[in-house]
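Please look over the following notes with the structure open.

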Amino acid sequence: MAPTNANNGPSPAQLALTNALMLKLKPSRIFKTAVENPAVSPSRPALGPRHITGICFDDRGDQLLTAAEDETFRLYNCKSGKHLKTLQSKKYGIDLPRFTHKSTAIIHASTKEDDGIRYHSLHDNKYLSYFKGHKGRVISLEVSPLDDGFMSGSLDKTVRLWDLRAPNCRGLLTLPAPPVIAYDTSGVVFAVAVNHYSRILFYDQANYDKAPFLVITLEDPTLTLISYPPRPPYMTSLSFSSNGKYLLVGCSGDAHYILDAFGGHLIAKLEGHVGLERRSVAAALTIQPDKGCSGEEVSWTPDSKFIVGGSLDGKVLVWDVQDLHVPQGPVNLKAAPRQIQPLVAHDGHPGISRCVKFNPRYGIMATAGAELAFWLPDTALESEEVARDLLKKKAPALTPTLSVASLALGNDILEEEQIIVETEDIEPQFLAAAAWPDTNPFGHVVNGEKNTIGVLVENRLNRNTTLLNVAGAFYQPDTDVLVRNLSAMTYNLELIDGVKLQLPYTFFSEFKPGDLRLAVWLEHMVQGEKQQVIAYDSIVTIVEPEGSWFDFKLLSTYLVVSGLVAGLGYFAYLSFVPQPKRSRKAAVSAPIGTVTATGAGGYQEEWIPSHHLRKNKKKSGAVSSGDELSGAETSGTEGKRRKGKK
């Protein structure tokens, strides 16, 4: 039976993002070959390393997609931290990759050939549709969180509203400058930022053809303290908080802004980073602000308590925005915003941190530039904390003892002959984790075929245990209602303490294609008590098996069906089509008895009427059939003729 909670589904472990946790973020894996750089030659001078221009997580947070200046987009598994595949778009180029609500399909902007938007299938690497209409390069692209709609902003100073099911746009907005766009979390409202005018327009999705219901002016009076006239901020990205109250405005300069999404107040100014208006620190600023390589370097965490951002010097910054205060009364453009310094500035990212995003479901942060890095919170205790805990727990009455030669404490060495401490209470546990094989990177469950998922088991219970079985169940992804339990695989395997073991779990599926939540768990026996451990809990996609002309099952089916159709056709032909009748010739009966020929002609005269014989004899010199003369008669006649002549 499936383990259930109040919602009829297993409850996964949750991790709350806190200040202490954000301080411990560290790069856990760096992909140095995330971008292909051409070899430097005299005909090709060194222009610096190519960069990743955009990254995107899917809705479930299982996969990460990157788009780079080498005209490739690469797919990564966030759970295993592995690179899955590399796809190329040399003909059209790729920028602004965005997952649709299916983890196997994306849309992206083109960088050459034309200015269209392309709908691409990652499963079989082919384009599903093209969306054409823009007359300039697309610089902003967002997918609606509500349905299959999406929105694009272009250098042709237009915003177009699209639907994945139709190639033509369903809405058009003409603006005085290139726009930057964003949906709110409900998908009902979208915002359009217009540079050179420092305006942000709020539209109702259902009434986009009408005037915006809210217009916000982004004006920072503190910029006059830096230069006069002030250099206006150049907006490169918009992002709503998860509760929809705040709007994060990413800029190419040295500041980002947080606005009140309801009243239009300027709430806070994020500082402490170096803007990405330039590609390198050595480059000089231009007179007019420009986008540069800015666009995806700042974003919210999933709970909207923190903001993570990149910097030109490679640092990754975290701002604490949990205690934002919205000003009351009318909007005052002359009021200085609250200036927020970063909570921490992490080192460790190689090169420019051009793209920074937090996983929507897991505690993973991704940063990208010339390389790609996955960040995880380091929950291990620091050496100072370990030493402090050991010294606090030192007491003569506590057992057992731990002999230590030297204990590192920062840069100092604390010498102790013997420290008597209480052992750290590490909770014994039975660990289980499941993952799909490399041949199934998308986690597809194929109907009618054997599906296999690997289950890794580790016994940390400080005692032996018995693994009873591995089982699973499918649930509705939205309501957590149980759809069907899967067959359990019985093992009854004795696991000693500390052992690690990988077991396969196979099952069959016969469901309607779509998304379902799959839960896989283990049951083990410890001192007579049966316990359950969740190994896998995620949404999977049910698909039909791929067809092939060389499939034995398909060929045999075709042969059987063809034989049946041929047999039925032949039976119908014989039954309903009249057949021609065959003519039979009358047989000639043989004379009865035995006939013996006599005479010279071989005839018997007694069978011939006499008048026929007399008539034939009167004829001169003519002997007909059956009128043969005997030898004596012939010789007598010839003798008379000879005498007459003489």
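The numbered points below take these topics in turn.

1. This is a predicted model, in which local features need pLDDT of at least 70 and side-chain atom pairs count only at pLDDT 80 or more, while totals for chains, interfaces and linings use all residues. Numbering runs from 1 along each chain as its sequence is written, and side-chain values rest on heavy atoms, with hydrogens and water left out.

2. Taking a disulfide as a pair of cysteine sulfur atoms within 2.5 Å, the count is zero. Cys78 is buried, at 5% relative accessibility, whereas Cys169 is partly exposed, at 27%. Here buried means under 20% relative accessible area, exposed over 50%, and partly exposed in between (1.4 Å probe, protein chains only).

3. There is one cavity of 30 Å³ or more. A cavity is a set of points, on a 1 Å grid over the protein atoms alone, where a 1.4 Å probe fits but cannot get out; lining residues have an atom within 4 Å of a point. The largest cavity has a volume of about 40 Å³, volume being the space filled by probe spheres set on the points.

4. Lining the largest cavity are Thr217, Glu219, Gly264, Leu266, Val331, Asn332, Leu333 and Ala335. By class this lining has four nonpolar, three polar and one charged residues, with Gly counted as polar.

5. Residues 131–165 are 54% strand and 0% helix, with end C-alpha atoms 10 Å apart. For residues 298–322 the values are 52% strand, 0% helix and 17 Å. Strands (E, at least two residues) and helices (H or I, at least four) are DSSP runs.

Notes:
On a 1 Å grid over the protein atoms alone, a cavity is a set of points where a 1.4 Å probe fits but cannot get out, and a pocket is an open set with protein on both sides within 12 Å along at least five of seven lines; lining residues have an atom within 4 Å of a point.
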